[in-house]
Amino acid sequence: MKHLYIKSRKEAAKETLILFHGTGGRETDLLDVATTVNSEANILSFRGDVDENGQARFFKRLSLKQYDEQSLKEEADKIYTELTKLSTEYDFDLAKAVIIGYSNGANIAAYLMMNYELGLKGAMLMHSAYRSETIGKSMLFDTEVLLTAGAQDTVATAGESYTLKRMLENKGANVSVKLTDGGHEISPMELMEGHVWYMPIKKSIRDEDKLL
């Protein structure tokens, strides 16, 4: 699986941001988002392996509203394996990592959180339209999640973000939803919301390091 890793210029940085792009994207798409959220973090960004009419995705779908569940599981298994391997290779702690996903990337991230024990610090999921009912047994206690949605988004509606909110909360996550007036695009307001949301997470990670 193609990926990009950028080590923080700050030698002592422990935070890592894991990026998943939207349909038709690539591993460089969310670098500006990551920089706004935390300019000092390590960055690991993936490119989806699935080709849909020349566009990269993280899993196949049967229609615009229906996932291919077999593809979803196969690709998630692959990402989970890659994540655990790369965390060792690049020497970063998943417990101090936060996922940032957009659209299709937010959906694969949600599936990973629902079904795999990654032990992540949290996730910022933008314009998700999560439509899988597959839910594993692992819980998400002490996991912070920010969902952002556009009030005029017809691809991934605000209502779908609130549905995902309930699903994540049922697994113990602390979830907040922020709405913008826009559509399916990422707005500057979302980036600022992500930055503000992440600040106490960064403080928590650094405070934990001081205790070690």
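In what order do the seven strands of the open sheet stand? The order is S1-S3-S2-S8-S9-S10-S11, and the pairing is mixed. The model is predicted: local features need pLDDT of at least 70, side-chain atom pairs count only at pLDDT 80 or more, and totals for chains, interfaces and linings use all residues. Residues are numbered from 1 along each chain as its sequence is written, and side-chain values use heavy atoms, with hydrogens and water left out.

**Sheet and helices**

- Helices (H or I, at least four residues) and strands (E, at least two) are DSSP runs, numbered from the N terminus.
- Two strands pair if DSSP finds at least two bridges between them.
- Strand S1 (3-6) and strand S11 (174-180) are at the edges with a single partner strand each, so one side of each has no neighbour in the sheet.
- Direction ignored, neighbouring strands of this sheet are turned by 15 degrees against each other on average.
- Strands S2 (residues 16-20) and S8 (residues 97-102) run parallel and are joined by five bridges; Leu17 stands opposite Val98 in S8.
- Helix H2 (residues 69-89) lies across S1, S2 and S3, at about 155 degrees to S3.
- Helix H3 (residues 104-115) lies across S2, S8, strand S9 (122-126) and strand S10 (144-150), at about 140 degrees to S8.
- Axes are lines fitted to C-alpha atoms, for helices over the stretch in contact (heavy atoms within 4.5 Å), and angles run from 0 to 180 degrees between N-to-C directions.

**Asn38**

- Asn38 is in the loop between helix H1 (31-37) and strand S3 (42-46).
- The relative accessible area of Asn38 is 2%, so Asn38 is buried (buried is under 20%, exposed over 50%, partly exposed in between; 1.4 Å probe, protein chains only).
- Leaving aside neighbours within four places in sequence, Asn38 is in contact with Glu15, Leu17, Tyr198 and Lys202.

**Salt bridges**

- The whole structure holds 14 salt bridges (a side-chain nitrogen of Lys or Arg within 4 Å of a carboxyl oxygen of Asp or Glu).
- Glu40 and Lys10 form one at 3.8 Å, N to O; Glu40 lies in the loop between H1 and S3 and Lys10 in the loop between S1 and S2, 30 residues apart.
- Glu40 is partly exposed at 29%, and Lys10 is partly exposed at 37%.
- Lys10, Glu15, Glu40 and Arg206 are linked in a network of salt bridges.
- Lys121 and Glu208 form a salt bridge, with the closest N and O atoms 2.9 Å apart; Lys121 is in the loop between H3 and S9 and Glu208 in helix H5 (residues 188-211), 87 residues apart.
- Lys121 is buried at 13%, whereas Glu208 is partly exposed at 33%.
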